[in-house]
Amino acid sequence: MEKQLLLGDEAIAQGALDAGLSGIYAYPGTPSTEITEYVEHSRQARETGVKYSWAANEKTAMEGAIGMSYAGKRAMTCMKHVGLNVAADAFINAAITGANGALVVVAADAFINAAITGANGALVVVAADDPSMHSSQNEQDSRFYGKFALVPIFEPSNQQEAYDMTYDAFAFSEKYKLPVMIRITTRLAHSRAGVARRPALPQRKGNLPEDMRQFVLLPAIARRRYKQLLKTHYDLVAESEKSSYNLYFEGKDKSKGIIACGLAYNYLMENLAGKDVSYPILKISQYPIPRKMIEKICSDCKEILILEDGYPMIEELLRGYLNTGVTIHGRMDGTIPRDGELNPNIVAVGLGFPDTRGPEVPDFMVGRPPSLCAGCPHIDTYVALLETLEQYSKGRVFSDIGCYTLGALAPFEAINSCVDMGASITMAKGAADAGLTPAIAVIGDSTFTHSGITGLLDAVNDKANVKVFILDNGTTAMTGGQKSAATGRIESICAGVGVDPAHIRVIKPLRKNREENVRIINEELAYDGVSVIIPRRECVVELNKKMRAKFAGKSNE
Amino acid sequence: MKKDIILAGVGGQGIISIATVIGYAAIDMGLHLKQSEVHGMSQRGGDVQSNLRLSDKVIHSDLIPFGQADIIISVEPLESLRYLPMLGPNAWLITSITPFKNIPNYPPIETILDKIRSLPNHVALDAEGMAKDLGSPKSANMVILGAASPFLEIPYEKLQQAIRAIFAKKGTEIIEANLKALQAGRDFKE
């Protein structure tokens with residue numbers, strides 16, 4: 001079959017479709033968004049009736065996928081690393097319930113039961129990490145979640161592996177009746193290469209779990225299931241040891257052994273290609289880590305270099321707290337920088353090879369940070385808001401995660417916080433409780449539905465003096481314009497939560513409306529209670545897209 | 001054959017269209033290809049770059065090592081200089097000279113152009129002006145690609161074929177405009 005040029009994200013989506021996926025659930029987040037978008041636009045998905053859903057948040061996405069797995073079909077959920085924090089409760093517990101089918105018996109029996117029942121739904125969780133924080137507020141390593149949950153993790157090193165591993169992850173999930181995590185990082189997610197496909201499998205028909213209490217995590221059942229999960233772990237280690245994705249390359253020069261995980265393997269090979277070196281190399285792409293391979297490389301080699309595109313997870317494990325065993329080099333001794341993503345040069349230096357570098361950047365170079373688009377409605381909202389806030393001391397605007405976070409930068413310098421999805425409203429409430437009134441929250445419409453509604457309920461229940469600006473541009477703009485969960489229903493949601501309808505104000509953020517908008521905001525600032533102000537105007541990027549489509553449609557006629 | 005190309009510009013300028021044409025031609029030639037892109041926050045008017053790697057051998061890293069790129073192709077003069085540390089020995093820098101000023105502290109354009117002209121291997125051209133003169137201001141990217149084409153080790157006809165295939169849906173007029181822009185860039189002499 002001819003190779004297709006696919007992003008790492010797209011390779012995962014295509015792998016899932018070919019493995020007989022029935023449903024994909026996600027909340028958009030860089031660098032994971034393109035997985036679900038691919039399914040959304042895939043003809044194959046449409047023709048075979050694959051369900052795709054932009055969920056309200058990662059937790060509801062994860063639970064939707066668990067439900068589909070419960071019903072015996074193959075489900076996938078995709079999120080950025082910090083999204084996994086939101087979904088962690090469901091994720092960790094799904095590892096204990098298992099993916100569907102009998103986890104109540106020992107592993108060998110589980111094989112047999114799987115063979116007899118034949119139709120258990122796989123559950124694949126994709127976590128896309130962002131080392132160097134290209135588009136994120138931290139660079140946490142999702143492999144820790146996989147380890148914590150005791151589930152297998154696949155960490156592809158290239159686009160072909162991203163495809164193959166996703167394809168295999170569904171069968172693996174069904175074999176062990178466990179959720180499987182696929183962990184990628186930004187560079188793989190957003191890099192294209194040729195990918196060869198395998199034959200497309202049909203979807204599962206669906207069936208309920210054989211044990212109808214498998215998913216009932218009452219303490220007595222949960223204790224039993226957890227013991228089972230712990231037992232299964234030995235089988236997973238054995239799988240890792242024979243996995244075709246974990247490779248041991250013998251080498252004559254045992255002065256150094258190299259362990260390279262996922263994408264780091266590529267940077268290693270980039271450096272070794274064409275060079276006359278022969279260190280033993282262990283490539284790890286499937287977890288739990290292959291114990292025997294680790295033991296071999298550590299006993300064969302004088303010292304070990306560990307390359308991980310993320311936190312030093314394996315390195316910390318191998319060093320141990322006392323660090324008295326084999327000599328280890330990596331992120332923790334400065335051989336590799338402690339933070340940030342890897343690149344070929346960092347790995348070259350870690351290997352003791354000479355670094356290469358072109359001419360220096362000239363002194364007059366300046367940064368070009370991202371900024372709000374010309375004509376963006378958030379600009380007019382910030383202009384009006386800043387004008388009304390001149391009457392107060394600074395430092396009372398709590399914001400959230402979306403395009404409007406760019407209001408932190410010049411020329412606005414309008415916001416004072418951006419912590420996690422939904423935190424604007426709840427932080428404003430806490431600050432108001434501490435006497436900082438009025439406290440302002442600035443949150444987008446999609447972020448509001450993601451995690452803002454419950455916080456608004458807290459504020460209403462405590463009659464907090466907070467002014468919540470829900471910036472409604474009708475889309476999830478930062479990630480490229482995915483469907484926003486409550487378009488057209490923001491006011492009714494706020495009223496339903498208990499905000500006095502007299503203090504739910506909709507304004508149109510336009511330059512010509514500045515005076516009127518300032519007046520309305522001032523009225524609400526004078527009110528001691530929960531106000532919701534909804535500046536509503538369509539995202540200009542989305543508007544331009546629509547205009548272009550309309551124009552193209554006309555010219556074709 | 002190995003060509004490591006840095007594409008540079010500002011989010012929204014559409015550097016990916018250049019990558020798409022080169023990529024199509026490379027695949028047509030049976031070459032290996034890896035192309036890393038920037039998605040997410042930086043697309044909002046920030047600096048963006050793409051690493052495009054072509055080779056007749058397997059390509060390992062998605063990122064080009066610093067000091068080893070063969071060409072920088074930039075649609076903006078300041079951005080062309082941001083990636084100088086990526087350039088290898090004897091490498092080329094091809095850039096548009098039209099500044100995209102969306103920051104208050106944009107350096108004086110003459111300072112930028114002087115620096116570009118001080119590099120031994122450079123092509124600096126007014127791609128926007130040339131595209132406008134051709135009556136298709138949107139094809140400035142293809143002018144830049146045309147100027148870069150002698151350094152790509154890809155037969156010129158392959159690039160022309162790629163443009164025909166990629167813009168097929170948009171009609172003959174658009175194809176011809178892009179082919180003219182490509183040719184104008186290729187014919188450019190400083």
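I began at A:Tyr70 and found this residue in helix H4 (residues 58–70) of chain A, where helices (H or I, at least four residues) and strands (E, at least two) are DSSP runs numbered from the N terminus. The model is a predicted one, in which local features need pLDDT of at least 70 and side-chain atom pairs count only at pLDDT 80 or more, while totals for chains, interfaces and linings use all residues. Residues are numbered from 1 along each chain as its sequence is written, and chains are lettered from A and ligands numbered from 1 in the order in which they are written.

Is A:Tyr70 buried or exposed? I noted that A:Tyr70 counts as buried because 22 C-beta neighbours lie inside 10 Å; the cut-offs are 20 or more other C-beta atoms within 10 Å for buried, 12 or fewer for exposed, and partly exposed in between, with C-beta atoms placed from the backbone. I also looked up A:Ser299, which is 229 residues from A:Tyr70 along the chain, and the two C-alpha atoms are separated by 44 Å.

Next I went through the sheet of chain A, an open one of seven strands in the order S3-S2-S4-S5-S7-S6-S12 with mixed pairing; two strands pair if DSSP finds at least two bridges between them. Strand S3 (51–54) and strand S12 (286–287) of chain A stand at the edges, each with a single partner strand, so one side of each has no neighbour in the sheet. Helix H2 (residues 33–41) of chain A packs on this sheet, touching strand S2 (23–26), S3, strand S4 (75–80) and S5 of chain A, and its direction makes about 135° with that of S2(A). For that angle, axes are lines fitted to C-alpha atoms, for helices over the stretch in contact, and angles run from 0 to 180 degrees between N-to-C directions. Within the sheet, I found S5 (residues 123–129) and S7 (residues 180–185) of chain A running parallel and joined by six bridges, with A:Val124 opposite A:Val180 in S7(A).

I then turned to the contact between the chains, which takes 38 residues from chain B and 38 residues from chain A, two residues being in contact if their C-beta atoms, placed from the backbone, lie within 7 Å. On the side of chain B that touches chain A, S2(B) gives the most, with four residues. Strand S8 (residues 191–195) of chain A pairs with S2(B) in the antiparallel sense over three bridges, and A:Ala193 stands opposite B:Lys34 in S2(B).
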